[in-house]
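Biologist: I am new to reading models like this one. Please show me how to go from one residue to the whole.

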Amino acid sequence: MSEPPAAIEVSRLVKSYGGVMAVHDISFTVARGEIVGFLGPNGAGKSTTMRILTGYLPATSGSVLICGLPVATQPGEIKRRIGYMPENNPLPDDMRVSEYMYFRGRLKEIPRRKLGPRIDEVLEICDLKRVRHKIIGQLSKGYRQRVGIAEAILAEPPVIIMDEPTIGLDPHQILIVRDLIASLRGRMTVIISSHILPEIEMTCDRVLIINQGRVVAQGTPAHLRREIFGHSSYQLELAGDPATLTAALAAVDDSFHVSAVGEPDPAGFRRITVTTHREGELGESLLAALLARNFRVRSLSRDNPTLEDVFLAATRRSWDVVAPPPKETSPPADAQPGPNPDLSP
Amino acid sequence: MKHFPTLLSHELRMLLVSPATYVAATLFLGFMGLIFTKILEIYSGAAQETSPALVYFQLFWLPACVMVPLLTMKCLAEERRLGTIETLLTTPVTTTEVVLAKFSAAYVLYVTLWSSTIGFFYILKKFSGDARFLDSGPLLGGYLFIAVSGLFFVAIGVFASSVTSNQSVAGIIGCVALASLILGGNALSDSSWLEQGLLRPIKSIVDYAHVFSHRDDFTRGVIDSRHVIFYLSGTVLSLIFSILSVEAKLLHA
């Protein structure tokens, strides 16, 4: 028995709408049980890609395999394997929550016998028990979002695709949704798109950033930081002779260099930014080396670019360089982080 | 077709909980009742040669042109406007099942409303004590005509709803399409200029599609298979176009 196929395999996916390329040659793979965040500015092609994954929209070219099955030729089988929550979460306003769940459960071919207990379970998970007899049109935004999420996980599909599930939720509800998604880890493959980047960073194993219909970066958040920024940087506030600083830095690591030097303040301290291609934590040895050379150090901190910075840098890079398709066909672990000095934030 | 019963029962339920259904039903029954009262007044004034049922069905076109678009305009247009068509079509249902369920639900409602008017004739018979008023031939033929032609009319309404995401536009398209089929056909078949040489084939098409003459045949008890085939093929064609229209909107979304 060979290894089970990846949950989602997209290769060279292209979608054009009347001459406009919405999705331009996207390839990526999502392993089973993985939670992947889908990031991109508005109009980047996220929703289009998700709709193609569900079989709702046909692709112009390229192939999509869900659990090893091609979406284009077996849409019926694919739809049994996915739970989908579209953008803006459209729901019928004139149904009760429990009625809607029952209807959707029947459409998703859950046997009648199992449907009742499963609906109870899902409503419990999504904290919807109190509103199960309410009419959906009268529910608040937070409840509506959770009805959408409950519906997506109702049939326990192996792949769940959610287009901005946390939009419009308050922090408490976001927390619930985050825990909910995290509880699916390992059992179901989840793709979520979101604009709330810390959200994605906390929930997702891996992030795909797309812009103008192309994958501009993909990998774990830490990997992306390396790939996009290509270095770690440290902020220093120190007093001493700047001319000897380079030698002090070289003693710690060859690739250290000074990237910015500020003006000295009245006490003689200046803010200095130093960068290195090394990944590991060098703060302690840096501090020791500086003190050994009689620098007076007032502060030292390592810059930790947030996913926001990564996102902005990655999308900015793709605006600047639209030509070469990113090397997304190779798995992220193999991708070589390289120096990219032009992309310093 | 596995999901058809689920979809149909959902659609019927949605129709039954919607206030619009009751408004339409009340208006329809009120209007038909008014027509029926008028007919009775005429019949009580002077003896008539034809059965009241014959006269009653002569005005079928008014509810057909107004009621059918009201019943069908919402079905696909609203799903598309709300975006629920996306959640619907990402479950294992096919477009065909969705369109057929919408069509069947609207048709069931249309036929139910019409069949409730049988009560008028029953009341008449009960209170007049005259069995002739419940003349079964024209009555049966008339209701059969309503049932058969209703298939096509409702299918046209569903098609109108499938081409747009705006309910009112769907309603207007449906109304105009039905009026041109029913009333336009009638006007054309009366016009003599179609008799001339080259236009004669058009004339024969117009005659074939002349809804009023179909109604006359049905109420006279003549059930011509050509008429039945006309309505059935029209229904199938309209439904196929509705399915294609829903799918084309996805292709060119």
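This is a predicted model: local features need pLDDT of at least 70, side-chain atom pairs count only at pLDDT 80 or more; totals for chains, interfaces and linings use all residues.

Modeller: A:L180 is partly exposed, because 18 other C-beta atoms lie within 10 Å. A residue counts as buried at 20 or more, and as exposed at 12 or fewer.

Biologist: In which helix is A:L180 found?

Modeller: A:L180 is part of helix α6 of chain A, residues 171-183.

Biologist: Which residues does A:L180 touch, leaving out those up to four places away in sequence?

Modeller: A:L180 touches A:I125, A:C126 and A:I149. Now take a distance along the chain. A:F256 is 76 residues apart from A:L180, and their C-alpha atoms are separated by 43 Å.

Biologist: How should I read a nonpolar core?

Modeller: In soluble globular proteins, nonpolar side chains tend to be buried together. Here the largest nonpolar core has 142 residues. Those with the most contacts inside it are A:A150, B:A106, B:Y110, B:V154 and B:V158.

Biologist: Which helix gives the most to this core?

Modeller: Helix α9 of chain B, residues 136-162, with 12 residues. A second, separate core has 12 residues, including A:L238 and A:L290.

Biologist: What does B:A106 touch, again leaving out residues up to four places away in sequence?

Modeller: B:A106 touches B:L71, B:T72, B:C75, B:V154, B:G157 and B:V158.

Biologist: How many residues are in contact between chain B and chain A?

Modeller: Count each side. 19 residues of chain B are in contact with 18 residues of chain A. On the chain B side, α1 (4-17), α6 (84-89) and α13 (225-251) each give two or more residues. That side divides into nine nonpolar, nine polar and one charged.

Methods: Residues are numbered from 1 along each chain as its sequence is written. Chains are lettered from A and ligands numbered from 1 in the order in which they are written. Two residues are in contact if their C-beta atoms, placed from the backbone, lie within 7 Å. Helices (H or I, at least four residues) and strands (E, at least two) are DSSP runs, numbered from the N terminus. Ala, Val, Leu, Ile, Met, Phe, Trp, Tyr, Cys and Pro count as nonpolar, Asp, Glu, Lys and Arg as charged, and the others, Gly among them, as polar. A nonpolar core is a set of buried Ala, Val, Leu, Ile, Met, Phe, Trp, Tyr and Cys residues joined through C-beta atoms within 7 Å.
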